[in-house]
Amino acid sequence: MNIRESIDPTRTAAWQRLEALAPDLRERHLRELFADEPGRGPAWTLEAAGLRADFSKQRVTHEVMAALLSLADDCEVLARRDAMFEGQHINVTEDRSVLHTALRLPPGPALDVDGVNVVAEVNDVLERMGGFARRVRNGDWTGASGRRIRNVINIGIGGSDLGPAMAYIALKFYSDRAMTFRFVSNVDPTDISEAIRDLDPAETLFIVASKTFGTQETLTNAKAARQWVVDALGEDAVEKHFVAVSTNAERVSAFGIDTANMFGFWDWVGGRYSMDSAIGLSTMIAVGPDRFREMLNGFHAMDEHFRHADPSSNIPLRMGLVAVWNRDFLGIHTNAVLPYAQFLSRFPAYLQQLTMESNGKSVRLDGARVDYDTGAIYWGEPGTNGQHSFYQLLHQGTEIVACDFILFAQALEPVFDMQDMLAANALAQAAVLAFGRTAEEVRAEGVPEALVPHKVMPGNRPSTFILAARLDPHALGALIALYEHSVFVQGAVWGIDSFDQWGVELGKAMANSILPDLQDADRPLDRDSSTNDLIRAYQAMHATT
């Protein structure tokens, strides 16, 4: 297999077969699919790494799934998977390996990439992280005045913020509740101001997460935090209140951080795949090194499943292929992630970056423009809050939205029978989305005829239901890895590079060029008329503050 080769999936026999099958599945109702296959629920359920994934409410048949597996073969998905795990440079536009899976490899056999044993390097960083986290947690690491660190603020953006913030909230039950953890990403000054407002600088540690230590938003916030510390404790306090997650020792040192307190990562780790690297230092401090390793074990368990399970029982493979089916053949453009777990409140936002930055592409590996749909729009909100917000559109709207339900059987903090109520809601919503309610069923309830059309639920709205015993570090790792690999499968079918993000760069560059325009009212403007007018309007309003 040539990893730079771009396969047009639409020219494969499997794609043609799926196009032939799609019209029937657009018309057939899930009620019919379940009637035709009485044991459909268990027949379409797979288990791995502590997760149980029920695909029975997706609008697929065994014939469709066979064609999807053939499509994966035609597009060399599994060969590309193997190339990823082996460290080949499958990120072709940046000529890099894609080895987030190496971040969770246990110590042991070497994995040599470009002549370097990455397993040894990863575990060396983990050991250093663990030692530092223990010192902060047990009070051995103190601030400049000798006082214990009680507050940790992670400053990053993108994957350097979304991952740690999501993981901290997800695992808050296991965190050290005597400590405060906050996350700053937005260059809006209120973000950093609110994060430090009620804290004591003598008890606050900042983790500045930037691979190059040059990300504009991150460094701007870090400078504001630095000034706050220096004003209170003096210049010499910086090295006791700041650590860095970066690879740029020169810039880290110039900021005032001792490079002994710099934790590195690698070019083969994309930002949106980095939360289990040193980017997760705040998570490790919060839950402790042992719990962090449990999370890595969950990642690794799903990695092993994806790498070795038979295609017929491979959960990430099936999840990715179903996503392609929904997007390209059923015309479903959006996917709602609905975790019935309040601790997963930031999980949908985390998946937005993972999925949309990875597969929001319109050019194949060979540079040819695609003439088929790629990455769906991902969004969501925890249940049951969403039920009183956007579920109305899910049930009766004109836009069909595919849904992922996520539920845990055991409550982390049991109160009365609330977990059963939560589960009942999740199960009910998935069932109503799938099967709906017919006019005849509405009339049988004695509803006045004028109201019957308003109370009909069309159903036939596809969903996947993911169930696990408990939201613990292992389950979180497995869940994230499941979505990572599903994203990989989709990108491999579409023949795109899921690991670059050139679309992010142009806006950053233009922002840097606009900044001088904003700060100099006499500077001539030569941009489009809208941008020029907005700059002048901003300057006028800004001058009055």
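1. Val415 lies in the loop between strand 12 and helix 17 (helices, H or I, have at least four residues and strands, E, at least two; both are DSSP runs numbered from the N terminus). This is a predicted model, in which local features need pLDDT of at least 70 and side-chain atom pairs pLDDT 80 or more, while totals for chains, interfaces and linings use all residues. Residues are numbered from 1 along each chain as its sequence is written, and side-chain values use heavy atoms, without hydrogens or water.

2. Together with Phe416, Met418 and Met421, Val415 makes a nonpolar surface patch of about 480 Å². Such a patch joins nonpolar side chains (Val, Leu, Ile, Met, Phe, Trp, Tyr) within 5 Å, or like charges within 9 Å, from residues with over 30% relative accessible area and no salt bridge; the areas come from the Shrake-Rupley method with a 1.4 Å probe, and for residues only the protein chains shown count as cover.

3. Met418 turns up again in the second largest pocket, where Met418, Gln342, Ala411, Gln419 and Leu422 lie nearest the centre among 21 lining residues. On a 1 Å grid over the protein atoms alone, a pocket is an open set of points with protein on both sides within 12 Å along at least five of seven lines, a cavity is a set where a 1.4 Å probe fits but cannot get out, and lining residues have an atom within 4 Å of a point. This pocket has a volume of about 620 Å³ (the space filled by probe spheres set on the points, which are joined across faces, edges and corners). Helix 17 (residues 418-435) gives the largest share of its lining, 5 residues.

4. The largest pocket has a volume of about 1100 Å³. Its lining holds 40 residues, with Thr215, Gly271, Gln501, Glu505 and Lys508 nearest the centre. Helix 21 supplies the largest share, 7 residues. By class, the lining has 12 nonpolar, 19 polar and 9 charged residues (Ala, Val, Leu, Ile, Met, Phe, Trp, Tyr, Cys and Pro are nonpolar; Asp, Glu, Lys and Arg are charged; the others, including Gly, are polar).

5. How many cavities of 30 Å³ or more does the structure hold? There are 5. The largest has a volume of about 160 Å³, and its 18 lining residues include Met319, Ala323, Asn326, Asn335 and Tyr378, which lie nearest its centre. Helix 14 gives 5 residues, the largest share of that lining. For the second largest cavity, of about 120 Å³, helix 20 gives the most, with 3 residues.

6. Now for the charged pairs: the count comes to 28 salt bridges (a side-chain nitrogen of Lys or Arg within 4 Å of a carboxyl oxygen of Asp or Glu). Glu203 and Arg147 form one, at 3.0 Å from N to O. These partners are 56 residues apart and link distant parts of the chain. Glu203 is buried, at 17% relative accessible area, whereas Arg147 is partly exposed, at 36%.

7. Arg437 and Glu445 also meet in a salt bridge, at 2.9 Å from N to O. Here Arg437 is partly exposed, at 23%, and Glu445 is exposed, at 52%. Finally, look for Asp8, Arg11, Arg364 and Asp366, which are linked in a network of salt bridges.

Conventions
Buried means under 20% relative accessible area, exposed over 50%, partly exposed in between (1.4 Å probe, protein chains only).
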